[in-house]
Amino acid sequence: MARARNWAAAVIDQRTDAGPETAHAAELLVSEAVTNAILHTATGAPGGSFTVVLRTSPGAVRVEVHDAGGAATAPRPLSPLPDSEHGRGVALMAALAQEWGVLSGHRLRGVYFVLHTRPAGAGR
């Protein structure tokens with residue numbers, strides 16, 4: 001998980017002029033999405049895996065976390081109790097990302113989020 005979030009932050013830093021706050025948000029959201037995949041899908045089972053895909057475009061970065069499937073329900077924001085240790089990942093994604101959603105198809109499962117950036121060299 002640490003490698004995935006550090007990689008995402010490094011790619012955003014190298015390919016955009018997004019600033020550290022966007023890289024930090026991506027790190028947090030990648031960590032949350034990977035944790036959810038491990039806890040709630042076959043990714044956490046022996047032999048399970050996940051993939052992080054990151055695409056930059058002028059003004060935005062899209063991050064996808066593909067999981068091994070098998071979740072009982074689709075990801076959605078929850079309202080956990082204040083002392084609960086779980087249940088905030090998707091709510092954080094909804095709060096910090098400009099867009100987020102569920103990936104589902106014949107061979108694709110997971111979540112994605114989009115953060116707004118500025119393309120490299122665009123100035124501040």
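Q: Where is A74 found in this predicted model?
A: In this predicted model, A74 is found in the loop that lies between β2 and α3.

Q: Why is A74 called partly exposed?
A: The relative accessible area of A74 is 47%, and the class called partly exposed lies between the buried limit of under 20% and the exposed limit of over 50%, so A74 is partly exposed. In space, A74 and G110 are 9.1 Å apart, C-alpha to C-alpha, while in sequence they are 36 residues apart.

Q: What makes G47 exposed?
A: G47, which lies in the loop between α2 and β1, has a relative accessible area of 81%; since exposed means over 50%, G47 is therefore exposed.

Q: How do you know whether T22 is buried or exposed, and which residues is T22 in contact with?
A: T22 has a relative accessible area of 10%, which is to be set against the limit of under 20% for buried residues, and therefore T22 is buried. T22 has its place in helix α2 and, when neighbours within four places in sequence are left aside, is in contact with I12, L115, H116 and T117.

Q: Why is A10 given its class, and which helix is A10 found in?
A: A10 is found in helix α1 and has a relative accessible area of 31%; because buried requires under 20% and exposed requires over 50%, with partly exposed in between, A10 is partly exposed. A10 and A23 are 13 residues apart in sequence, and their C-alpha atoms are 7.7 Å apart in space.

Q: What makes α1 and α2 roughly antiparallel or roughly parallel to each other?
A: The two helices pack at an angle of about 155°, with their axes 8 Å apart; angles over 145 degrees count as roughly antiparallel, and α1 and α2 are therefore roughly antiparallel to each other. Their contact is made by A4, R5, N6, A8, A9 and I12 of α1 together with T22, A23, A26, E27, V30 and S31 of α2, and by class this contact has 7 nonpolar, 3 polar and 2 charged residues. The crossing of α1 and α2 is right-handed.

Q: How do you know how α2 is directed relative to α3, roughly parallel or roughly antiparallel?
A: Helix α2 (residues 20-40) and helix α3 (residues 89-96) pack at an angle of about 150°, and their axes are 9 Å apart. Because the limit for roughly antiparallel is over 145 degrees, this angle makes α2 roughly antiparallel to α3. The crossing in which α2 passes α3 is left-handed. On the α2 side, L28, L29, E32, A33 and N36 take part, and they meet G89, V90, L92, M93 and L96 in α3; by class, the contact has 7 nonpolar, 2 polar and 1 charged residues.

Q: Which residues touch the most other members of the largest nonpolar core?
A: This core has 23 residues, of which I12, V30, V52, L54, V63, F113 and L115 touch the most other members. The elements giving two or more residues to this core are α1, α2, β1 (51-57), β2 (60-66) and β4 (109-116), and α2 gives the most, with 7 residues. Not counting residues up to four places away in sequence, V52 touches A4, W7, V30, V34, V63, E64 and V65. In soluble globular proteins, nonpolar side chains tend to be buried together.

Q: What is the order of elements in the protein chain, and how many helices and strands are there?
A: The protein chain has 3 helices and 4 strands, which run α-α-β-β-α-β-β from the N terminus on. Of the 124 residues in the protein chain, 35% are buried. Where contacts join residues at least 6 apart in sequence, 57% of them are between residues at least 24 apart.

Notes: Residues numbered from 1 in each chain as written. Predicted model: local features only at pLDDT ≥ 70, side-chain atom pairs only at ≥ 80, totals over all residues. Heavy atoms only, no water. Axes fitted to C-alpha atoms, helices over the stretch in contact; angles between N-to-C directions. Parallel < 35°, antiparallel > 145°, perpendicular 65-115°, else oblique. Left-handed = near helix turned anticlockwise from the far one by under 90°. Contact = heavy atoms within 4.5 Å. Nonpolar A, V, L, I, M, F, W, Y, C, P; charged D, E, K, R; others polar. Core = buried A, V, L, I, M, F, W, Y, C linked by side-chain atoms within 4.5 Å. Buried < 20%, exposed > 50% of the residue type's maximum accessible area, 1.4 Å probe, protein only.
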